[in-house]
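User: I'd like a close look at one part of this model, with the rest of the chain as background. Here it is.

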Amino acid sequence: MSTTESGVKSRTQPKWLAPAAKATPVLKFQNSLTKTKTDFIPKEGRRVTWYNCGPTVYDASHMGHARTYLSMDIIRRVLEDYFKYDVLFVQNVTDIDDKIILRARQQYLFENLKKETTQLDEKIIQQAEEAWLEFANAKLKKLDARLVSLATSNWPEFVKKMTPEEVAKALVLDEKYKMISSALDASYVAIQNAKANLQKGVTGKEASDELLVASQDIVSAWLDARKGQEVNDPKVFRDLPAFWEQEYFKDMEALNVRAPDVQTRVSEYIPEIIDYVQKIIDNGYAYAADGSVYFDTSRYDGHAGHHYAKLEPWSKGDTALIEDGEGSLGSKLQGKKSPNDFALWKTSKPGEPVWDSPWSQGRPGWHIECSVMASAVLGENMDIHSGGVDLAFPHHDNELAQSEAHFDCKQWVNYFLHAGHLHVEGQKMSKSLKNFITINEALKTYTARQLRIFFLLHQWDAKMDFKKSSMQETIQLEQFMKNFFDNTKAIVYKVQNDGTRGATESADGSITHRFREPEQQLLKLLQDKQDAVHAALCDSINTPVVMDELVDLISNTNKYMNANGAKGVNIHILNKVAKWVTSMLKIFGVADNGVEIGFGAAAGQSSGNTEEVLMPYLQALSSFRDQVRNGARNKIEHTEFLKMCDSLRDNQMVDLSVSLDDQEDGVALVKLVPREELIQAREKKLAIAAEKEAKKAAAAAERERKRLEKLEKGKLAPSEMFKSSDEFSKFDESGFPTHSKDGEEVTKSRKKKLQKEFDMQKKLHEEYLKEMSKSA
């Protein structure tokens, strides 16, 4: 080979060796359409279309609602912020519904009665009594007829008869019994009080309001039965849902739930609903009857490849579920071919809102509303539909059927996600069980962050039990994480400012890096946890496993920090761990987006201008400086300086939300911690110190008591101690007994014991004399 050839070859790039790809998990979802975990394959690559069933706005949102909306928010955040999908999230507000109509009408009639009633009189009391009897007969009808008769004739006797055993029987017959009984009892007491007030001449508006407010549920139903059909002002049916819709979004904002990308409202989609229903009729899957339109389940199921009740085929024909889905007003409509058919359009009766349609002046059925709004935005097929598991049948099954009937397609939804049930202290949440918790009430006890962490600890599609004990564990976990973040930031800051630049100096003055075996192990652990978290998120967004992995990583990192201290840690790896943990908590909505490490800004930090922020800290520094200077000028003891330092740490810095954590090397770790938390820690520390001092004082008092007791015993001279005894008759010159009372010499064994007692008393007496000489 020539020199020229060799030179040419040496300048040629060698063959590149392609790295072997490592197999990684793919995202799967627990899909209610298959009841299995299926690979998630969006129909348009990175773009995901998603419709979530929104609230029916007629009352305050409760923790059952939070179970769905917070859980779906976590999944949405993971899809958007972790898997980086472009999600189009659509959610409705149902503002036309039987529950809304009844609540709006009854509230309107009740408020009018309350306004018109300016004083307490016989008439309003009689009305309340009539309403009470009507309510009792209607609501207690599931009980034995004899019990109903007793309740309506002698309520106090009925209450006595309803022992815990009888109440348990009643709950089997009607799970709402306790709620019904509570309403009847409150109204009964109010009626008796009203009668007493009338006899005493207390007839003002305050007295009448007291009666009506206590009987509101009962009187409202009574009014609605008599005057409900007269309510025809559309504003009545708009104002109630408008109010509760606003309250719902306030609750969602308080829970840090992301707002939908597109929000739809039923009342704004009436023309689309009418067109949608007509298309279903045209396709042969619906029929008109008596002004209403019904979906023909028999015609649809099995026809042209269609299937009814895809989600819960075993629930077909469940009359109770079907009637509940039709609503209390809709279930009374006539003209169905089959009890399994459901209303797409309901003809309105007097006292109900109306819109013109080809079939009647009426309103849409509940199920059709979601189908139309979702289709209007997302079209004939979507990636994800979600909601609470309690909506699976009939609501979601009916949605699927009518949508696939409208588009005459085989699959309207590709993935159906259902959030699991929520229980409270082991029981289903219910007003009747008095364990009903609104979101607003929950947020008075726990922070939004704590609730979100609690939700993360439970799989989104499993049953979740909202318990005080579990929430306490959640609070402890939150504190555990916060302590980790605070310690990490403090150590990193300390190393960055101690002049070492993160290196370790040897005795000979040389320096070395801090990437040793402990750092390699920590870095490997981080990488393992990142893989494990990814696998868990791919496994149908398994957040409980993710949280376990994060906790384990934090625990091991804490051990690393404790073992090495600020002088031995590698802050780059420490930073990397803390930032990654924070990034995962950001994705879940637990940590603020603007923070690198931790949950967010420490409580007590101001958002004002520089002077407002810095001045309290500068004043504390200046005050401490003044104390030190004055102490030095006055040549105070060095211990006084230490007391000043402790006071700065325990008082001024606490008020500024600053924790000074003293370390063995004499350099404190500086942390920003909520003031309330520091005050609690200080009070606990003081309480422990006080308890220690109290024990010390008690021990000193006990020692003094024993000392005085010994002195008291020592008053008696040993020469006199046996002379008062009847046991002896003769003594030697020192007062030691020599003969018993019978004149016999004291035995050797007895002498030995007596000598011990004598010597002990001699010692006590000498100590007594010594103490007396001191006091003299």
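Which residue forms a salt bridge with K695, and how many Å apart are the closest N and O atoms?

Analyst: The partner of K695 is E691, and the closest N and O atoms of the pair are 3.7 Å apart. Salt bridge here means a side-chain nitrogen of Lys or Arg within 4 Å of a carboxyl oxygen of Asp or Glu. In general, side chains of opposite charge can pair when their charged atoms come close.

A word on ground rules: this is a predicted model, so local features need pLDDT of at least 70 and side-chain atom pairs count only at pLDDT 80 or more, while totals for chains, interfaces and linings use all residues. Residues are numbered from 1 along each chain as its sequence is written, and side-chain values use heavy atoms, with hydrogens and water left out.

Back to your pair. K695 and E691 both sit in helix α25 (residues 675-714), four residues apart, about one turn of the helix. K695 counts as exposed because its relative accessibility is 56%, and E691, at 45%, counts as partly exposed. The cut-offs are under 20% relative accessible area for buried, over 50% for exposed, and partly exposed in between (1.4 Å probe, protein chains only). Elsewhere, salt bridges that share partners tie R76, E80, D81, R258 and D261 into one network.

For contrast, take helix α19 (residues 468-496). There, D486 and K482 meet in a salt bridge at 2.6 Å, N to O. They are four residues apart in α19, so about one helical turn separates them. D486 and K482 are both buried. Leaving aside residues up to four places away in sequence, T474 touches Q450, I453, F454 and L457, a contact being heavy atoms within 4.5 Å.

Then there's K346, which pairs with D98, the closest N and O atoms being 3.5 Å apart. This one links distant parts of the chain: K346 is in strand β8 (residues 342-347) and D98 in helix α3 (residues 98-116), 248 residues apart. Both K346 and D98 are buried. By the salt-bridge rule the count comes to 54.

Zooming out, the chain has 26 helices and 20 strands, where helices (H or I, at least four residues) and strands (E, at least two) are DSSP runs numbered from the N terminus. The radius of gyration is 40 Å, well over the 28 Å that the globule rule gives for 776 residues, so the chain is more spread out than a compact globule. That radius is taken over C-alpha atoms, and the rule is 2.2 Å times the number of residues to the power 0.38. The C-alpha trace spans about 130 × 125 × 60 Å along its principal axes. Of the 776 residues, 43% count as buried. Among contacts between residues at least 6 apart in sequence, 72% join residues at least 24 apart.

The peptide bond from F393 to P394 is cis, with omega near 5 degrees, and P394 is found in helix α16 (residues 392-407). A304, in the loop between α13 (297-300) and α14 (319-330), has phi near 55 degrees, a positive value in a residue other than glycine. E425 has a positive phi as well, near 50 degrees, and lies in the loop between β12 (422-424) and β13 (427-428).
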